[in-house]
Amino acid sequence: MEHPENDRQYAGLSVNSGVAQPPSVNPYASMRRRRKPLPEASELVEGILRGDVTMLSRAVTLVESTAPDHYARAQEVIEKCLPHSGRSRRIGITGVPGAGKSTSIDVFGLHVLREPGSRLAVLAIDPSSERTRGSILGDKTRMERLAVHPDAFVRPSPSAGSLGGVARKTRETIVLCEAAGFNNIFVETVGVGQSETAVHSMVDFFLLLQIAGAGDELQGIKRGIMEMADGIVINKADGDNIQPARLAQAQYRSALHLFPTPPSGWKPEVLTYSGYYELGIDEVWDMIDRYFAFIKDNGFFERQRRDQARFWMYETIDEQLKAHFYNDPDIAATLARYDSEVQENRRSSFTAARDVLERYFSSRR
């Protein structure tokens with residue numbers, strides 16, 4: 001059937017071909033700027049030592065990488081930066097979700113940076129999804145003032161499924177930040193699981209943030225967090241919440257009497273403050289200053305740093321042994337076979353694990 005537009009009565013009209021459809025593939029895709037290759041170790045170290053934040057960021061990316069060829073270069077950078085590290089105050093900050101950790105870090109950080117010559121690095125651990133392994137990495141949006149401060153370096157890192165949500169390479173990142181001239185290090189935990197234990201093993205002062213009226217104020221005793229805390233701060237002590245905050249303060253002080261004196265000899269203090277209204281910040285920081293003066297006078301500061309270095313040596317050994325085991329091609333094939341047998345109940349989980357380990361150890365005799 002002919003189209004109506006071809007009829008003689010429409011002879012003076014013409015039909016355009018229409019708009020050409022765009023290609024399904026972006027024509028500019030091949031023109032997209034490719035990421036620059038990571039610099040050599042010597043170039044990274046040189047940039048870090050002169051305080052170049054861009055080089056520091058690229059070095060942290062190298063350290064966090066899981067690519068096998070990046071591991072040796074990352075360790076070389078860390079070894080060369082190690083003699084220039086150790087001259088900072090490392091402070092871990094934890095608390096229940098909603099306690100105001102990010103807001104408090106923003107406020108405390110600005111307080112620290114008022115001192116001449118102060119530089120601050122914030123290592124914020126962002127929990128990774130158990131399903132997708134992805135992280136939002138949105139801590140900078142809650143640290144608006146620190147994120148744009150010229151003397152602050154805010155680095156959110158994915159937990160990547162590591163113990164308790166603590167990023168696997170956080171301690172190495174601390175070394176790099178100290179070598180870059182940052183004399184104050186804040187490490188924020190995700191506030192769940194065993195992340196507090198891991199962060200406690202890499203910082204000098206461990207601050208626990210709590211809020212009043214969120215349930216049982218003594219719940220922290222069961223989790224063991226209070227045993228690690230060097231200071232407890234009740235946040236959001238403002239407006240109608242001042243009295244509940246003071247009540248919670250009294251309860252925590254009473255609870256602390258149930259614990260033995262920490263190895264440092266310091267008796268943890270409990271304070272109240274408001275991060276939103278920036279009330280009581282001087283008191284909190286005075287407590288931290290007194291703590292550092294106390295542990296440096298009695299020698300605990302150096303002793304704890306040595307113990308932490310030893311602890312992370314063994315942690316690294318455990319990590320490398322585990323990686324070597326799972327990256328072995330023969331073990332990977334054996335695991336794949338045993339995996340199906342275990343799921344089909346043709347072999348018990350414990351027998352399968354024993355046989356795989358025996359195969360691994362026998363191949364190295």
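A salt bridge here is a side-chain nitrogen of Lys or Arg within 4 Å of a carboxyl oxygen of Asp or Glu. The model is predicted, and by this rule the count comes to 18 salt bridges.

Select Arg346 and Glu344 to begin. Their closest N and O atoms are 2.8 Å apart, which makes the pair a salt bridge. Arg346 is exposed, at 53% relative accessible area, while Glu344 is partly exposed at 49%.

Next, select Glu341, Arg347, Arg354 and Asp355. Salt bridges link these residues in a network.

Move to helix H11, residues 281-297, and pick Asp289. Its side chain meets that of Arg89 in a salt bridge, 2.9 Å from N to O. Arg89 sits in strand E1 (residues 89-95), so this pair links distant parts of the chain, 200 residues apart. Asp289 is partly exposed, with a relative accessible area of 31%.

Now select Arg290 and Glu269, a salt bridge with 2.6 Å between the closest N and O atoms. Arg290 also lies in helix H11 and Glu269 is in strand E7 (residues 269-272), so the pair ties together parts 21 residues apart in sequence. Arg290 counts as partly exposed, at 39% relative accessibility.

Finish in helix H12, residues 300-327, by selecting Gln308. Gln308 counts as buried because its relative accessibility is 5%, and buried means under 20%. Leaving aside neighbours within four places in sequence, show its contacts: Arg90, Arg171, His200, Ser201, Met202 and Val203. For Ser201, the C-alpha to C-alpha distance from Gln308 is 5.8 Å, across 107 residues of sequence.

Notes:
Residues are numbered from 1 along each chain as its sequence is written. This is a predicted model: local features need pLDDT of at least 70, side-chain atom pairs count only at pLDDT 80 or more; totals for chains, interfaces and linings use all residues. Side-chain values use heavy atoms; hydrogens and water are left out. Helices (H or I, at least four residues) and strands (E, at least two) are DSSP runs, numbered from the N terminus. Buried means under 20% relative accessible area, exposed over 50%, partly exposed in between (1.4 Å probe, protein chains only). Contact means heavy atoms within 4.5 Å.
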